[in-house]
Amino acid sequence: MYGAYVLRVLTRSADFRRLFLAEVIVFGADWFVMVPLLVLLNRETGQGLWGGLALAVETGTVALLLPYAGTIADRFNRKHILIASNLSALVAVGGLFLVRGPGAGPIALVALGALAAAKAFYTPAANAAVPNLVDPADMGPAMAVNGTAWGTMTVVASSLGGLVTEWLSPYACFGLVAVSLVTSALLTSRIKRPTQDALPAVSRPAFAAIREAMGYLRRDPRLLALVTVKSAVGTGNGLLATFPLIAATFGVGARGLGLMFAVRGLGSVVGPFLFRAALARPHWLFPALALSMSTYGLVYLGVAGAAWFPLVLAGIFLAHAAGGGNWVMSNYAIAQEVPDELRGRVNATDTMIAMLAVTASQLVVGTFVDSVDWRVLVACCGVTTLSYAVGWFLVTRRIPVQVPAAALAD
């Protein structure tokens, strides 16, 4: 079933296929960097704090740059932005080879910040380009398939990153990432279909364009609800800083750490397909979003009490299946309701809000990760997400259902 779903949309549009493969490579690079880097930082510094800071720097840099990056995605050729982002990331990866010795922590943060800056410009341009590369009838499947790119490569890259780190070294992983980024740029260069309807005839200052998008959001309560829904999972995402400690507790090493991130990615792949029925039934959307958020929080409460590593892995899978469904459902609804000329900025705002929540959570957990038991930290993250989900549902339950024009046409 999953294979047929993927095959349908990938075979109909060669340009979407090229973009999807390029994204798969970029997202794979994320985790082929992060898992080895967390292992390397623990080894070089002997502290969990630097791993938490690395996660926070990555998400925080993306969050701070996204409003401007979204404006760029609406004002310039998205294909050119994607290629430039790949090449900028290639330069940043070079800095990771210097992560060693007493300065390992600060050097890692600088290199990771540069890598995240490139990613910040890549993400809104890629997300905004998708609807322009497929026919309207294929947009639902395309959004669901595109939503699995990150999760798919979290599975593959996290697993391989842990294995290559054990077999060779973290630096071997960084070398493979450099090669993959060149490949992604080449794939993107072969996209022939326009990645946006048209470039704006009048160029306005960037901050004026950002204010226009924010004004659009403020006028639509439903859209405001959709761009705040990812923050529920974001507020609990700081628990990722505890993953190296969990691996150490159960004695599973770098391979086990890679497996934890891989299972997280696998859940994110499966989740969008478990929740896809809500995409065709607008009145299901908000309840399904609330259910996905609540599931994430409840499952991680269970992980906090797990005494067996396979149970930890099962919990991570279930929690991130719910989180992946949450992400794709909201992305799909936003893509349906926002006009093309604003889509890059609205997508950027949506991701920025989520990333700020993730960054705050990771900074808090990173601050306490060396002094508070990881089970307590994971439980606190689960409670935070669950509380957010309940509050979001109570605030949004009276927002009327709006059926997108595309759905009516179907």
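Are F243 and F261 buried or exposed, and what did I find? I found that both F243 and F261 are buried (buried is under 20% relative accessible area, exposed over 50%, partly exposed in between, with a 1.4 Å probe and protein chains only).

I noted that this is a predicted model, where local features need pLDDT of at least 70, side-chain atom pairs count only at pLDDT 80 or more, and totals for chains, interfaces and linings use all residues. Residues are numbered from 1 along each chain as its sequence is written, and side-chain values use heavy atoms, without hydrogens and water.

**Aromatic pairs**

I looked up the ring pairs and recorded 8 aromatic pairs (rings of Phe, Tyr and Trp, the last by its six-membered ring, pair if their centres lie within 6.5 Å; planes under 30 degrees apart are stacked, over 60 edge-to-face, the rest tilted). F243 and F261 form a tilted pair, 5.1 Å centre to centre with 55 degrees between the planes. I then turned to F250 and F309, whose ring centres are 5.7 Å apart with planes at 45 degrees, so this pair is tilted. F250 counts as partly exposed at 21% relative accessibility, whereas F309 is buried at 11%.

**K230**

I looked up K230 next and found that K230 counts as buried, at 2% relative accessibility. Leaving aside neighbours within four places in sequence, K230 is in contact with several residues, including W327 and D350 (contact means heavy atoms within 4.5 Å). The charged end of K230 sits over the ring of W327, 5.0 Å from its centre (NZ of Lys or CZ of Arg must be within 6 Å of the ring centre and within 35 degrees of the ring normal).
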